[in-house]
Amino acid sequence: MSSFIRPLILAAALTGFAATAHAQALEDKLTIVTSFSKDLTVPFAQAFEKKHPGTKVEVQNRNTAAAVAFIRETKSNPPDIMWASAPDAFEVLKKDKLLQAYKPQAPGIAEKVGSYPVNDPENFYTGFAASGYGIMYNTRYLRANSLPAPKEWDDLKKPVYAGHVGISAPSRSGTTHLTVETMLQGEGWEKGWATLLEIGGNFAQVSDRSFGVPDAVNSGQYGIGIVIDFFGLSAKASGFPVEFVYPTVTTLVPANVGIIANAKNPNAAKAFVEFLLSDEGQQLLLDPKIQRLPVKATAYAKAPAGYPNPFKDASLGARVKFDADVSEARYALLNSLFDRIITFRLKELNAAWKAIHEAEAKAKSTEAKRLIEEARRLATAVPIGDKEATEPAIAASFKELKKGEKAAGRQAEFEEKWDSFAIAHYTDAKAMAEKALAAK
Amino acid sequence: MSAPALASTSRSARSSVGRKLAAYNASPTQALALLVIALLLIAFLVVPIVRVIVVAFTGPAGGFSLVHFGDFFRTGLLRESFWNSVYVGVMTVVVASLIAVPLATLLSRFQFRGAALIHTLGVLPLVMPPFVGAIAMQLIYGRNGTINLILGDHFGFRIPFMEGLNGVIFVEALHYFPFILLNLSASLANIDTSMEESAQNLGASGFTLFSRIVFPLALPGYVAGAALVFVKVFDDLATPLLLNVNAMLAPQAYLKITSVGIADPMGYVISVIMICAALGAMAISTLALRHIDFATTQRGGGGLGRRSLGRFGNTVAAVFVVLILLLVLSPHIGIFLLSIGTVWSFAELPDGYTLAHYATVFSEAQGLIGNTVLYCGLAGLIDVIIGAVLAYLVLRTRLPGRKLVEQVALAAVAVPGLVLGIGLLRTYYDVHLPFTDVPFATFWLMLVIAYAVRRLPYALTAATAALRQLHLSLEEAAENLGAGKLSTLSRIVVPLVTGGLFAGFVTSFATAAVELSATLLLVASERDAPISYGIYVYMQSAAGRGPGAALGVIAVVTVAIATYCAYRLSERERDRRSRGGLAV
């Protein structure tokens with residue numbers, strides 16, 4: 001802000017008149033609802049207040065679900081900004097008409113990071129940072145259990161990692177959801193699920209909180225976590241004995257900001273969005289406790305050596321084409337499906353894969369190999385096809401129905417079907433593998 | 001006075017409100033009190049909740065429908081969850097009793113030097129926020145926690161303390177046994193020495209004495225505590241979730257309700273079923289006690305005669321108490337170590353120690369502590385007053401609807417905090433405070449109300465148990481001597497049930513201090529936030545949970561100090577009143 005405007009605005013703020021100079025005067029308050037941790041919100045709020053001394057920032061930390069519920073219930077007197085990772089939360093708010101469109105003016109912001117579009121095409125929310133998914137592991141834990149360090153997603157299928165891997169449920173973490181969706185789009189529905197179910201055989205836990213995974217790896221409850229990069233990188237920066245790697249095929253997901261419909265302090269809200277995208281804001285993302293990837297290529301100039309740069313490193317998120325329409329069509333269904341066949345039946349899935357791995361280690365005869373093949377087919381089957389999953393009538397069963405929409409059934413009916421499918425398949429797979437072990 | 005006679009007079013033209021009330025054995029003040037309580041419950045519990053759970057009864061095409069309840073029972077996973085929840089609830093009561101009953105017996109039957117220790121430390125598990133407690137338990141008992149790392153290094157085996165349903169039972173029993181301890185001790189302390197002496201004079205001793213005198217007289221307190229434990233465990237979601245047990249009702253409901261963008265009514269269906277189950281458990285506990293009169297008129301000295309344990313007995317008792325306390329305090333020890341540790345990763349103990357985490361949170365903690373004491377103190381006070389009045393009205397009057405009001409108040413224990421939070425926001429966000437544009441829903445008083453509503457069942461059950469032991473004839477005697485209802489209440493009833501009320505206050509206060517789900521929804525600014533919000537915010541960091549743990553320790557200490565002060569106050573009050581010529 002140029003030096004002659006600031007006194008003007010200050011004077012305006014003091015006398016209570018709206019300034020009509022080059023910039024519109026900011027309101028004296030800005031209310032932000034966020035699911036981000038203090039590590040991120042405090043530096044940004046302080047820097048913003050320093051830049052706009054007349055505006056007091058009030059940050060309300062809530063988890064994503066509580067944040068969405070709060071914004072829904074407070075329509076008459078809403079907060080100003082929603083600030084969170086989960087694109088699904090923004091989609092929900094956008095559909096409920098709880099966001100207002102704003103096209104940021106800041107120059108030099110990339111349209112896409114990796115293959116994922118940074119912003120909502122209709123400008124209801126804006127990506128201000130990106131993050132990649134990868135593998136975080138506890139080095140002490142791996143040494144104590146004599147485990148090799150994993151590098152690729154496929155490594156996690158190996159029998160040695162049984163009971164050592166954790167992930168958060170896609171239904172509980174918007175970013176995990178995007179990663180699962182990207183894997184499915186990259187490998188294809190059937191093959192993607194086969195990979196997920198085989199890795200799932202090694203899961204020690206499917207956490208209901210995004211933070212559950214880095215917490216567990218940090219403290220060594222289990223050794224390996226599928227996490228978003230800043231969890232791994234910031235844990236390492238704070239001294240935990242952990243490492244983080246990006247697999248060759250990785251996905252980048254944005255972190256977003258949106259202005260809430262009928263915000264009381266619209267000018268301050270817009271200024272905050274601009275601040276996030278300014279050089280100063282983008283630079284802040286490099287802070288060791290924050291560690292997110294700027295969406296402005298020039299911001300990487302000051303990054304420490306080895307800081308991941310999606311604008312230079314082609315492998316970061318570029319490999320996979322991401323079809324947002326397909327993702328949106330099956331969003332809720334995918335969450336529910338993952339929970340039914342992995343999260344809630346983890347014990348059965350673990351048991352099936354344990355039996356398969358045991359049989360594979362010993363099997364020599366063709367009969368045993370045939371049985372193992374059959375067991376693998378059972379343990380990697382998914383109860384609903386690619387086409388069905390995006391069919392509007394079926395997808396409608398997982399949403400709030402609008403007028404005129406028809407659903408193929410109730411969510412509970414589908415879930416019960418998938419649940420029994422999963423139990424039956426995993427039990428059979430286990431029996432088949434045990435037969436193979438007997439046949440050798 | 002007989003009911004038919006009164007009924008006939010009320011039919012007469014001169015029938016007045018006063019006469020009707022007389023038929024209900026109630027004064028106008030009492031009727032008014034019941035009405036006020038009922039209105040409060042309707043405004044802050046029934047309406048908000050109905051506004052949220054109405055979707056459970058709405059069919060896919062709109063309109064009233066029970067189809068979702070049909071789905072519930074048709075779903076294998078949910079049936080399994082239901083039975084798992086029942087199993088865990090019952091087993092937790094059993095395990096918690098194994099801890100609480102010996103401790104309570106020791107406290108009230110024997111001279112034991114560590115009694116004060118048990119009193120104070122017995123409350124501590126309750127003041128540990130469940131999500132913090134479970135993190136700390138993982139650090140100590142988890143599959144790579146301190147104990148298992150030591151066992152694995154030195155003996156080559158591990159104990160799955162924290163696996164599956166048994167893990168949930170282990171953690172829950174350690175967390176909730178104080179409910180039984182507090183209520184049972186209050187009951188035992190109220191048994192008169194003369195009862196025991198009379199029995200002994202008549203030749204009873206040992207087991208007979210216990211089974212014929214002590215056990216029946218202590219039953220109301222035990223049952224009240226056990227029912228609370230069952231309901232709390234049935235309702236608790238933090239522990240199963242942190243132990244990765246999904247197949248229970250509370251986690252299933254929570255996962256459904258808090259998933260963004262999913263409009264599945266099943267979460268609310270489960271909530272309704274949980275509320276019914278909680279009511280069922282409470283009703284069963286009431287039924288079990290219905291035909292027994294527990295009241296005694298003797299009011300000599302407090303409690304049973306305390307006997308000497310002897311040297312051997314003292315040693316056994318001391319070992320038992322120390323073992324239990326170590327178990328009970330392990331989450332506190334874990335959280336303390338976490339708060340002063342630098343990095344704690346796959347190791348028996350933290351790598352190094354620092355005070356930096358306390359420095360980080362200290363400047364902010366003052367406001368949080370003040371808010372917590374204010375909100376939860378007020379909530380506890382409201383609960384004790386409403387709980388005592390309501391318990392009195394239920395047991396001593398025949399006002400119509402009193403049982404219904406009691407049931408509604410008790411149901412609050414099973415209402416998920418998130419459901420109540422959303423309901424309160426929905427109902428009161430557009431109601432503004434007079435002369436401001438501050439929505440009532442996000443004014444700090446709403447947090448007090450939410451806490452008071454959710455914790456009322458504790459105070460109510462404690463007050464009911466205490467009143468059950470108090471014989472009506474004591475009040476009648478006072479009234480015959482010319483005391484009015486009010487002075488009978490304040491001079492006779494309240495002093496004699498102080499112990500029970502104190503137990504109610506402590507449980508309400510301490511558990512409100514660590515309430516998170518409704519808090520997260522209703523806190524509108526950091527300035528008004530209580531400490532549980534602060535802990536949540538500081539725990540959300542992959543860069544280490546030290547600051548969150550430090551706040552957790554501060555919370556535990558704050559609540560412990562406040563509890564101790566309340567205990568001293570209630571003791572002093574009791575002394576003062578009993579010296580004031582009340583001893584019968």
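pLDDT is the predictor's confidence in each residue, on a scale from 0 to 100. This is a predicted model, in which local features need pLDDT of at least 70 and side-chain atom pairs count only at pLDDT 80 or more, while totals for chains, interfaces and linings use all residues. Residues are numbered from 1 along each chain as its sequence is written, and chains are lettered from A in the order in which they are written.

Chain B has a mean pLDDT of 82, with 90% of its residues at 70 or more. In residues 1-14 of chain B the pLDDT is below 50.

The model scores ipTM 0.80 and pTM 0.83. Between the chains, 48 residues of chain B are in contact with 60 residues of chain A; contact requires C-beta atoms, placed from the backbone, within 7 Å. Several helices of chain B each supply at least two residues of the side that touches chain A, among them helix 5 (76-109) and helix 18 (417-428).

In chain A, Lys97(A) has a positive phi of about 60° although it is not a glycine. Lys97(A) sits in the loop between helix 4 (87-95) and strand 4 (99-100) of chain A. Lys97(A) is exposed, with 10 other C-beta atoms within 10 Å; a residue is exposed at 12 or fewer such atoms, buried at 20 or more, and partly exposed in between, with C-beta atoms placed from the backbone.

Definitions and conventions. Two residues are in contact if their C-beta atoms, placed from the backbone, lie within 7 Å. Helices (H or I, at least four residues) and strands (E, at least two) are DSSP runs, numbered from the N terminus.
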